[in-house]
Amino acid sequence: MNQTASRVLADKATGNAASFFIDRHIEEGRAAKIAYREAGEGGRSLSYGDLAAESARFAGALREHDIRREERALMLVLDRLEFPVIFWGCLKAGVVPIPLNTLLSGSVYDVILRDSRASVVFVSAELYDEIAPAIAQNILVRKVVVIGGEAPEGTLSLQDFIANAPLAETIELTPDETAFWLYSSGSTGQPKGVRHVHGSLKCTYDTYGAQVLGIAEDDVVHSVAKMFFAYGLGNALTFPLAVGATTVLYAGRPTPESASAVLADERPTVFCGVPTLYAALLHHWDKAGIPENPDLRICISAGEALPEEVGKRWKAATGVDILDGVGSTEMLHIFLSNKPGDIVYGTSGTAVPGYDVRLVDEDGRDLGPGEVGELLVRGQSAAEGYWNQRSKSRSTFEGQWTRTGDKYEMTEAGRFVYCGRTDDMFKVSGIWVSPFEIEQALVSHPAVLEAAVVAWAGDDGLEKPKAFVVLKDPEQAGRLDELKDHVKTRIGKWKYPRWIEVIEQLPKTATGKIQRFKLRQERG
């Protein structure tokens, strides 16, 4: 295909997100530049030219195997080079990829597979056994493609799937056509299929990526948050590819040891983490020392509100700020955030340019500074709804506004302070209590690594705060009364946890969100 023909095709297909994020880089001279590399010695790499060609070949393979436009393709794929190839190849063909959380149980995969009615499943070999029973019981799945290792009986290897496939052209479509689905992380229960359109991807770059993160072509990005959920998808797929930057992928489970190695060896300039990992890294570095990375210029956090103490300690340890922000699967990425030069730890900052936010009470009345209400957001990256859950779609997406399910308080300065999920808030003596405020007070104590607070009914039937804490040293369990006094001194005597239980780890989603509903269920 000559250059003129390529340009005509690209111009016709501008509504397809793959045209902007993949195809244009060839004409702009980035074919030889590395788009992705895998962390570690001997890790593979993929140039922008290879990504364009391999995603086009993958699109051709979908057509060769009769996977049609608008059919769904489940992706249970680790963060390796194959992930972006499959994702963008699907978009080029008009097939709808559905990246899945790689840490779910087989029963949940069965629910999602039935709900999505996917025609094809792409699965990393390491994860095949977990989803195999669900596939065996599903009559709608026509193809199963295994990535890496030998393909089990009844499946195809990725190499065989794409063998001899032609390079397909990026199809023409509108920005409002469905591009992909994400299943919500399930911090309060079963996941829901969230449908996003092609135009939403560029919208997140135009807003947060360009105007807050300020990502540039010479950046090297590493996201410990995986690409299977909204935050990681933006970090590793959308923002770097929007500007021609390089992304470092790590397929394994993110730990303080692995994240430290990536920071030292791969030297990312942009590091995308979650509060749990930032806290764990600081604890790890107290003993192991801080890895050197003179190139690191900025860090971001989402998935759960960042405790003030963690943000301040990180800045003191590394000299680099963390931009704490709030996003959601429904909005695709961060819409409320601290910004470079405008950071107040302990707050979620202000609205990202391109988004509007407001606080409302239970009756929908707008609230002002000092009042606690539910956060609503308006922006072009909002999902078009949940799949086959009309009542939940109608209660979440109210015209141009999306309900986040998060409780916030706005300060006089216009910054937003996280109070907790709507379902997590409770009243003590008739006054609203923020679990997150108590949790922040607890983790500011030197003995506490992590904490979660829920409402708990005492013998009198009245609800009071109960804390579950993870200690840095289990031998410090005798200091629990000291923790109560610490909270009283820091945030007020009536807010202290009446009960404190030491546990080894908090229940969380793969995005790092604490699943407080599981702690509440212990009341049985």
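A cavity is defined here, on a 1 Å grid over the protein atoms alone, as a set of points where a 1.4 Å probe fits but cannot get out, and its lining residues are those with an atom within 4 Å of a point. Grid points are joined across faces, edges and corners, and a volume is the space filled by probe spheres set on the points. The structure is a predicted model, in which local features need pLDDT of at least 70 and side-chain atom pairs count only at pLDDT 80 or more, whereas totals for chains, interfaces and linings use all residues. Residues are numbered from 1 along each chain as its sequence is written, and side-chain values use heavy atoms, with hydrogens and water left out.

A search of the whole structure found two cavities of 30 Å³ or more. The second largest cavity holds about 50 Å³ of space, and its lining is made up of D79, H222, S223, V224, K226, Y250, P254, S258, A259 and V262. Two or more of these lining residues come from each of the elements β10 (220–223) and α10 (256–265), where helices (H or I, at least four residues) and strands (E, at least two) are DSSP runs numbered from the N terminus. The greatest contribution to this lining, three residues, is that of α10. When residues are sorted by class, with Ala, Val, Leu, Ile, Met, Phe, Trp, Tyr, Cys and Pro counted as nonpolar, Asp, Glu, Lys and Arg as charged, and the others, Gly among them, as polar, the lining of the second largest cavity has five nonpolar, three polar and two charged residues.

The largest cavity contains about 190 Å³ of space. It is lined by 18 residues, of which P275, P307, E450, A451 and I514 are the closest to its centre. The elements α11 (275–288), α14 (435–443) and β25 (448–457) each give two or more residues to this lining, and the largest share, four residues, comes from α14. By class, the lining of the largest cavity has eleven nonpolar, three polar and four charged residues.

Strand pairing was examined next, two strands being taken as paired if DSSP finds at least two bridges between them. Strands of a sheet pair through backbone hydrogen bonds, either parallel or antiparallel. An open sheet of three strands has the order β8-β9-β19, with antiparallel pairing. Because β8 (178–183) and β19 (385–386) stand at the edges with a single partner strand each, one side of each is left without a neighbour in the sheet. Between β8 and β9 (residues 193–197) there are five bridges, and F180 has H196 in β9 as its bridge partner. Helix α8 (residues 198–213) packs on this sheet and touches both β8 and β9, contact meaning heavy atoms within 4.5 Å. The direction of α8 makes about 80° with that of β9, as judged from axes fitted to C-alpha atoms, for helices over the stretch in contact, with angles running from 0 to 180 degrees between N-to-C directions.

Helix α8 includes H198, which at 3% relative accessibility counts as buried, that is, under 20% relative accessible area with a 1.4 Å probe and protein chains only. Leaving aside residues up to four places away in sequence, H198 touches G15, N16, A17, L91, L173, T174, P175, E177, T178 and A179.

Elsewhere, β1 (residues 34–38) pairs with β2 (residues 45–47) in the antiparallel sense over three bridges, with S45 in β2 as the bridge partner of R37. These strands, β1 and β2, form a hairpin with six residues between them, and G40 in the turn has a positive phi of about 100°. Strand β1 also pairs with β11 (residues 246–249), in the parallel sense and over three bridges, and Y36 stands opposite T247 in β11.

Definitions and conventions
1 Å grid on protein atoms, 1.4 Å probe; cavity = no way out; pocket = protein on both sides within 12 Å on 5 of 7 lines; lining within 4 Å. Buried < 20%, exposed > 50% of the residue type's maximum accessible area, 1.4 Å probe, protein only.
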